[in-house]
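Subject: The structure I promised you

Hi there,

Here is the structure I said I would pass on. Have a look at it first, then read my notes below.

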Amino acid sequence: MGMYVGVRGWVEFTHGQREVVEQVLATHHHDLYSAGWAIPSRPFNSTLYVFYGGDIREQSVDWLRAQVAELARLVDADGDRPVGFFLLTDERLQASAWTVQDGDVREGAAPVELRPFAR
């Protein structure tokens, strides 16, 4: 079945984007792993932080990345795109990161300071 990958991170939006964010997440629904998404139940600051946290099978990482990539392409009323960061660690003690910026998801090595979080 493959190894597990621990994924934790967030993407930042305006509160006015909440509905479209929820639509993107619903479009990519996974019976098990979609439960890892968390959206605050009500606005309490100027930024809507949308979080993901969960251990998912390695073969489902592409499913999650596709969602994050679609979220990265959203544009707010001012023409700004979301930013975010995700740390991925696996059972081989590898740590990588996704950086959400400028409508793209860039994948690379995790910052040295975060590598101790590898299992």
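D102 sits in the loop between β5 and β6. With a relative accessibility of 58%, D102 counts as exposed, because anything over 50% gets that label. Before you go further, keep in mind that this is a predicted model.

You can find another case in the loop between β4 and β5, where L93 is located. Phi of L93 is positive too, near 65 degrees, and this residue is not a glycine either. L93 is exposed, with a relative accessible area of 52%.

In what order do the six strands of the open sheet come? Going across, you meet β2, β3, β1, β4, β5 and β6, and the pairing is antiparallel. The edges are taken by β2 (37-38) and β6 (104-109). Each of these two has a single partner strand, so one side of each has no neighbour in the sheet. If pairing is new to you, strands of a sheet pair through backbone hydrogen bonds, either parallel or antiparallel.

Let's zoom in on β3, residues 48-57. On one side, ten bridges pair β3 with β1 (residues 4-13) in the antiparallel sense. You can pick out some of the partners yourself: F13 is bridged to L48 of β3, and W10 stands opposite F51 in β3. Two bridges also join β3 to β2, and these strands run antiparallel. There, W37 has Y52 of β3 as its bridge partner.

Next, the helices. Helix α2 (residues 61-72) packs against helix α1 (residues 18-27) at an angle of about 155 degrees, and their axes are 10 Å apart. How do α1 and α2 run relative to each other, roughly parallel or roughly antiparallel? They are roughly antiparallel, because their angle of about 155 degrees is over the cut-off of 145. The crossing of α1 past α2 is right-handed. On the α1 side, V21, V24 and L25 make the contact, while α2 brings in Q67, E70 and L71. Sorted by type, the residues of this contact are four nonpolar, one polar and one charged.

Besides packing with α1, α2 also lies across the strands β1, β2, β3, β4 (83-90), β5 (95-101) and β6. Relative to β6, α2 runs at about 135 degrees.

Two more residues are worth a click. S60 is in the loop between β3 and α2. Is S60 buried or exposed? S60 counts as buried, because its relative accessibility of 9% is under the 20% cut-off. Leaving aside neighbours within four places in sequence, S60 is in contact with H30 and Y33.

E19, by contrast, is exposed, at 57% relative accessible area. You will find E19 in helix α1.

Cheers

Conventions. Residues numbered from 1 in each chain as written. Predicted model: local features only at pLDDT ≥ 70, side-chain atom pairs only at ≥ 80, totals over all residues. Heavy atoms only, no water. Axes fitted to C-alpha atoms, helices over the stretch in contact; angles between N-to-C directions. Helix = DSSP H or I, 4+ residues; strand = E, 2+ residues; numbered from the N terminus. Parallel < 35°, antiparallel > 145°, perpendicular 65-115°, else oblique. Left-handed = near helix turned anticlockwise from the far one by under 90°. Contact = heavy atoms within 4.5 Å. Nonpolar A, V, L, I, M, F, W, Y, C, P; charged D, E, K, R; others polar. Pairing = 2+ DSSP bridges. Buried < 20%, exposed > 50% of the residue type's maximum accessible area, 1.4 Å probe, protein only.
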